[in-house]
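Dear colleague,

Please find the structure below, together with its sequence. My notes on what was found in it follow.

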Amino acid sequence: MRARVIQLSSQQNPNIRYMQFRNFKMVGYVIYGRGSFNQLDAILAPHRKEGAPMVFLLDHYFQGKPLENRIPLRGNDKLLYADVTHEPKTSQVDALAQQLKDEFGTVSGIVGIGGGSTMDLAKAVSLMMTNPGSSADYQGWDLVKLPGVYKVGIPTLSGTGAEVSRTTVLTGPTRKLGMNSDFTPFDQIVLDPELTKDAPKNQRFYTGMDCYIHCIESLEGTYLNEFSKSYGEKALELCRDVFLEADTWNDECDDKLMMASYAGGMSIAYSQVGVAHAVSYGLSYLLGTKHGIGNCIVFDKLEEYYPAGVAEFKQMVKKGGYEIPKGLCKNLTDEQFDTMINVSLGMKPLWENALGKDWEQIMTRKKLRHLYEQL
Ligand code: NAD
Ligand code: ZN
């Protein structure tokens, strides 16, 4: 657990120390179950404001698919497609928020329906409907000052934990960093495993492994406490059920992986991720490598840090016959390696969780360069 030790003043007993515990905000409402998406209209009804539309941000994959026709559009509601060809950018968030402000002034809420990228876009656009400036101004910790508009997250892929987290990961002009704040979590999430049914096998694995890696990094990290451990162990068990035990993929696997994602997200809420995420952020910043697959590419080479987890991961890859790309960093220049190293070493809490307070002595630039060279 990330605990700060506060020393009392000299008039007070110097032997007594107080721990500062993280007091984190969670999602407001949760509905879970196959077909729960059908309750969306009733869920939204009390949040509709006179003249202000509900905005549905739908992952572009679903354009023209049956799910689109199940969206409960009313009055002047707006349906927008989220282009998630690339992971969300601050410029994309700013443009979407501006478009809505220009067209409607204000909106009743934003409903994000899709994978982690669409959910993150929905969270960020909600915040930028009320906070001035650019979303890039809020990349960091607790910089957001005002609550956004009502926001709902509906995952169609399981694994990122974006449905429960207090961040929305954005690539900005100078960095890839989330808007981490108490205003970031969704007011409502709808967990309907039926929506993940048609996810392509490889994508389902990469996003599912994001969850598996969250669990390993949380459980093997120095910030771990019983809260994180309880959720992390359950999520890990569910990942094993679906990626190692199940003979073929079935509805129960979708049910389980959706809960694994939720529990994995809850686990890192009170701890932190670790080496795979810190290294994969560098890859993603420089090469645009996507989060799930980037984590897999890195985790595959992390025997030194997570020996048991990496061995099990390789078993899962083998069982499903998944593809883990190699040779990404083969032709990079020194300058490009330096960029990745700078981005990665900037993720201080991740390294501290993974390697402890003296992490800077352990993860030198040379060692990190060697790691990148293997990817
Ligand atoms: P994604 O949202 O980027 O989507 C990947 C692809 O799958 C896209 O092409 C999308 O159109 C498609 N897709 C989505 N649902 C589908 C379905 N049911 N069937 C078929 N195709 C479908 O993938 P992801 O792995 O869910 O999310 C990754 C994103 O989440 C990254 O942007 C990452 O930064 C972010 N993330 C956020 C957090 C957080 O806490 N906020 C945590 C981890 C990752
Ligand atoms: Zn992740």
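Helices here are DSSP runs of H or I with at least four residues, strands being runs of E with at least two, and both are numbered from the N terminus. The expected span of a helix is 1.5 Å times one less than its number of residues. This is a predicted model, in which local features need pLDDT of at least 70 and side-chain atom pairs count only at pLDDT 80 or more, while totals for chains, interfaces and linings use all residues. Residues are numbered from 1 along each chain as its sequence is written, chains are lettered from A and ligands numbered from 1 in the order in which they are written, and side-chain values use heavy atoms, with hydrogens and water left out.

Helix α7 (residues 251–269) has 19 residues, and its first and last C-alpha atoms are 28 Å apart, close to the expected 27 Å.

The chain is divided into domain 1 (29–196) and domain 2 (201–373), with bounds from an automatic or database domain assignment. Their C-alpha centres lie 25 Å apart. At the interface, 24 residues of domain 1 are in contact (heavy atoms within 4.5 Å) with 21 residues of domain 2.

Ligand 1 lies between the two domains, because both give residues to its shell. Of the 26 residues around ligand 1 (a heavy atom within 4 Å), D59, G116, S117, S165 and T207 come nearest. An oxygen atom of ligand 1 is 2.5 Å from an N or O atom in the side chain of D59, and a ligand nitrogen atom is 3.1 Å from a polar backbone atom of T167. The protein covers 92% of the 860 Å² of accessible area that ligand 1 has on its own (Shrake-Rupley method, 1.4 Å probe).

Yours sincerely

Conventions: Polar contact = N/O pair within 3.5 Å; in protein donor to acceptor, adjacent residues only side chain to side chain.
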